[in-house]
Amino acid sequence: MGGSAFSPVSVISKKTAQEQVRVLANELGCPSSSSKETITCLRQLPASALNDAQTKLLAISGPFQYWGPVVDGIYLQEPLAAALQRTRLKKVDLLIGSAQQDGLISRAKAIKKFEERKGRVSSKTAFYQALQNSLGGEDSNSFIEDAATWYYSLRHSTEDYATFSRALENATRDRFINCPIISMASYWADNSRGNVFMYHVPESSSESSSSLELLPDVQYGFGLPFYPQYEGQFTLEEKSLSLKIMEYIANFVKSGDPNYPHSFSSKLTRSVSIWPMFLPHANSDNYKEFTVSLPNRKGLKKAECSFWSDYIETLKESTGKTANGQQSTESSLGQESSVRVNSQDTPSQSGEDKVAYSK
């Protein structure tokens, strides 16, 4: 989810959940003639067997094989994005962010290692194809998949895994992680739900610790550079950065503002630079970049997220495709909080990817 109610995988439909149960039951040899028999069989299996089977399925499938809250009409009556729109919550300050090292292929590395330990080696082609298919949404809209393939330059030979993997990682990261996070920040700020502070960790920020499975924002925020077993992998600059990020987070926990340790404070903590709020006004989509100098930036992933929230939503409407009845809600909310760009804007990703589309 990336902490966002706007993620395409924040909830799953009852139909999808039932299909995933059927696939899991088939993998484990459970009967599928009736729901009662299937559930009884699955409940009798040890958790390790369920986890092993699910991990194997994830190794050859895309993100729609992940489990999540089910819109069943009882416990969860509507998608989270719709619930946000209807419910007037008490104001709550929000600190939200992302790391460029995160991504569905990166997350799959742990699954791949698990599979290898079990003596199973799954096909890269199958997993990559499943990921590419997922760009079309849960209803596999071929128009959307073709548009994403064009925009992210995915038409590479599948034998050139390095180039293809990098482009596919960019596409799925924006679709499922980065852009939903930015939509969440935009919606929260637009509707005055509280103060919003956003951060991003660029790809080059933590080369020395990139071998660790934890993402760099987690490493810095929880002080991993100071753990005896890991501190040798971090530079002095990275340790200093970690101290500052921990101070930001501690301040936010105490006061709802990363700049001040108390809500009544008006004096900045000496060791950190000002972290501007993410505001709903034009050119005020501020975020803090988690690098050594902790610079303030604007317009994170503007072109890429406009592609998903503007162009793709328009394409969905024009092709009449919906996903589990959720398209209309997500479309209206996504367009309400989206950041629009014109054809002169350029994406922040690598030069291999397309310059912004023409609307």
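Buried means under 20% relative accessible area, exposed over 50%, and partly exposed in between (1.4 Å probe, protein chains only). This is a predicted model: local features need pLDDT of at least 70, side-chain atom pairs count only at pLDDT 80 or more, and totals for chains, interfaces and linings use all residues. Residues are numbered from 1 along each chain as its sequence is written, and side-chain values use heavy atoms, without hydrogens and water.

**Helix H2**
- Thr38, Cys41 and Leu42 are buried in helix H2, residues 35-44 (helices are DSSP runs of H or I, at least four residues, and strands are runs of E, at least two, numbered from the N terminus).
- These three cover an arc of only 95° around the axis, so they lie on the same side of H2; the arc is that of the directions from the helix axis to the C-beta atoms.
- Lys36, Arg43 and Gln44 are exposed on the other side of H2.
- Cover for the buried residues of H2 includes helix H1 (14-28) and helix H3 (47-58).

**Strands E3 and E4**
- In strand E3 (residues 94-99), 5 of 6 residues are buried.
- E3 runs parallel to strand E4 (residues 196-201), joined by 6 bridges; strands pair if DSSP finds at least two bridges between them.
- Leu94 has Val196 of E4 as its bridge partner.

**Around Leu214**
- Leu214 sits in the loop between E4 and helix H9 (216-221).
- Leu214 is partly exposed, with a relative accessible area of 44%.

Conventions:
Contact means heavy atoms within 4.5 Å.
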